[in-house]
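Dear colleague,

Please read them alongside the model.

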Amino acid sequence: MTAMPRDLTPETAEMVENAAEAAEFLKRLAHPSRLMIVCALVDGERSVRDLEDTLGIRQPGLSQQIAELREAGFITGRKESKHMYYRLEDGRVSEFISMMHAMFCAAPGKGSNP
């Protein structure tokens, strides 16, 4: 973490702290496969096999990205028999993905930009 000047107002110090937290949040999602995984989980729990088939991500790469998302606290998993199921754990991720969907995935003219 970068050292902060001592003369910051409490409001500015809080803004610096919040900016660092936001940057870390974005960094943890900043990978196409991780974005696709959380997009797929917005609608609810999915199995690893379902994610692999739906997203076209091969199992080794999928496992690596799931591990990153779990470590970040963005998703959580449960095991049922031989299958793993994942769901979103952090509500901020759903909000963020909804905004990203509107900006990048919605039909032309339906996004927030003119």
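In what follows, buried means under 20% relative accessible area, exposed over 50%, and partly exposed in between, with a 1.4 Å probe and protein chains only. This is a predicted model, in which local features need pLDDT of at least 70 and side-chain atom pairs count only at pLDDT 80 or more, while totals for chains, interfaces and linings use all residues. Residues are numbered from 1 along each chain as its sequence is written, and side-chain values use heavy atoms, with hydrogens and water left out.

Taking a salt bridge as a side-chain nitrogen of Lys or Arg within 4 Å of a carboxyl oxygen of Asp or Glu, the count is 10. Glu 24 takes part in one with Lys 27, where the closest N and O atoms are 3.6 Å apart, and in another with Arg 28, at 3.1 Å from N to O. Helices (H or I, at least four residues) and strands (E, at least two) are DSSP runs, numbered from the N terminus; Glu 24 and Lys 27 both lie in helix α1 (residues 10-29), 3 residues apart, and Arg 28 is in helix α1 as well, 4 residues from Glu 24, about one turn of the helix. Lys 27 is exposed at 55% relative accessible area, whereas Glu 24, at 33%, is partly exposed, as is Arg 28 at 26%.

Elsewhere, Glu 45 and Arg 78 form a salt bridge of 2.7 Å, N to O. Glu 45 lies in the loop between α2 (32-41) and β1 (46-47) and Arg 78 in strand β2 (residues 75-80), so this pair ties together parts 33 residues apart in sequence.

Best regards
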